[in-house]
Amino acid sequence: MQDAWVEQMEQTLNPMSVPMDNPIGTIESKDRQAILAALLVHLWHGYRKMRDCLMELEDAMLQGNREQARSLLLQIKRFCGTSFRYEEDAVLPALDHHIGSEQLHELTAAHDLVIRHVRRLEGLLSTSPGGEEQIEQGRMLIHALLMQVACTAGLTLLIETLPQDALIRILQARERALVEGKDLYEWDKDIRG
C-alpha cells in the first residue's frame with residue numbers, strides 16, 4: 001500500500017488530490033448534484049488517504065521503521081496544510097449557520113491541536129529510539145489524529161445541505177489550496193499568521 005501512496009504523491013500536487021472532471025472555469029455550468037458529487041468524492045478520497053497514512057504511520061512506528069514514519073509524517077503535514085486551508089477559508093464559514101460560532105471556534109482550535117500533535121510526533125521521531133514508552137506516546141497521538149479525521153469527515157453530512165454557490169466556493173478554495181501546496185507549518189505561519 002505504501003508504494004501506491006508514494007507513486008500517487010509523485011503524480012499529484014497533494015496526497016488528497018484527485019483529478020477534477022470539471023475545471024474551475026466551467027463548474028458553474030454544472031447542476032448542484034454534479035457539483036456535490038464531485039466535492040464529496042474529493043473530500044472522502046482525502047479523508048481515506050489521511051486515515052490510511054496515519055494507520056501506516058502507526059505500523060511503521062511499531063516496526064521501528066523511523067525512515068518510513070518520517071516520510072509518512074511529511075505526507076500528513078502536506079495533507080493537513082492544504083486541507084485545513086480550504087476548511088478554514090470555505091467549509092467552516094459555509095457551515096456557520098448550521099453549527100454556530102462556538103462550534104466553529106472548536107473546529108479551528110482542533111486544527112491547533114493537530115499542529116501540536118504533529119510537532120510531538122516529529123519530536124519522537126527525531127530522537128533516538130526510546131522503546132515502548134515512546135511508541136505508546138506516538139500511538140496515542142496518532143489515535144487522536146485519527147479521531148480528528150473522523151470528526152472532520154463527519155462535516156460532509158452538513159456540507160451536503162449547502163447551496164450550490166457554497167459548494168462551488170469550497171471546490172475553488174480546495175483547488176487554490178492544492179495549487180499553493182503549503183504544508184501544515186507553512187499554512188499556519190503564512191496564511192493564518
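## Close-up views of an all-helix predicted model

**Figure 1. Overview of the protein chain.** The protein chain contains seven helices and zero strands, where helices (H or I, at least four residues) and strands (E, at least two) are DSSP runs numbered from the N terminus. The model is predicted, so local features need pLDDT of at least 70 and side-chain atom pairs count only at pLDDT 80 or more, while totals for chains, interfaces and linings use all residues. Residues are numbered from 1 along each chain as its sequence is written, and side-chain values use heavy atoms, with hydrogens and water left out. Of the 193 residues in the protein chain, 47% are buried, a term that means under 20% relative accessible area, with exposed being over 50% and partly exposed in between (1.4 Å probe, protein chains only). The protein chain exposes about 9,700 Å², of which carbon and sulfur atoms supply 54%; accessible areas come from the Shrake-Rupley method with a 1.4 Å probe, and for residues only the protein chains shown count as cover. Among contacts (heavy atoms within 4.5 Å) between residues at least 6 apart in sequence, 81% join residues at least 24 apart.

Figure 2. A search of the whole structure finds three cavities of 30 Å³ or more, and the largest cavity has a volume of about 80 Å³. A cavity is a set of points, on a 1 Å grid over the protein atoms alone, where a 1.4 Å probe fits but cannot get out, and lining residues have an atom within 4 Å of a point. Grid points are joined across faces, edges and corners, and a volume is the space filled by probe spheres set on the points. The lining of the largest cavity includes Tyr-47, Met-50, Phe-79, Val-114 and Thr-152, and the elements that give two or more residues to this lining are helix 2 (32-63), helix 3 (66-126) and helix 4 (132-153). Helix 3 gives the most, with six residues. By class, the lining residues divide into eight nonpolar, three polar and one charged, with Ala, Val, Leu, Ile, Met, Phe, Trp, Tyr, Cys and Pro counted as nonpolar, Asp, Glu, Lys and Arg as charged, and the others, Gly among them, as polar.

Figure 3. Ile-76 is found in helix 3 and counts as buried because its relative accessible area is 0%. Leaving out residues up to four places away in sequence, Ile-76 touches Met-50, Cys-53, Leu-54, Leu-57 and Val-118; the C-alpha atoms of Ile-76 and Met-50, 26 residues apart along the chain, are separated by 6.8 Å. Lys-77, also found in helix 3, counts as buried at 8% relative accessibility. With neighbours within four places in sequence set aside, Lys-77 is in contact with Val-118, Glu-122, Asp-183, Leu-184 and Tyr-185. His-117 is found in helix 3 and is buried at 12% relative accessibility, touching Leu-141, Ala-144 and Leu-145 when residues up to four places away in sequence are not counted.

**Figure 4. Helix 6 and its cover.** The 17 residues of helix 6 (residues 164-180) should span 24 Å at 1.5 Å a residue, which agrees with its end C-alpha atoms being 24 Å apart; the expected span is 1.5 Å times one less than the number of residues. Among the buried residues of helix 6 are Ala-166, Ile-170, Arg-174 and Leu-178, and what covers the buried residues of this helix includes helix 2, helix 3 and helix 5 (156-159). Just after helix 6, Gly-181 takes a positive phi of about 65 degrees.

Terms used
On a 1 Å grid over the protein atoms alone, a cavity is a set of points where a 1.4 Å probe fits but cannot get out, and a pocket is an open set with protein on both sides within 12 Å along at least five of seven lines; lining residues have an atom within 4 Å of a point.
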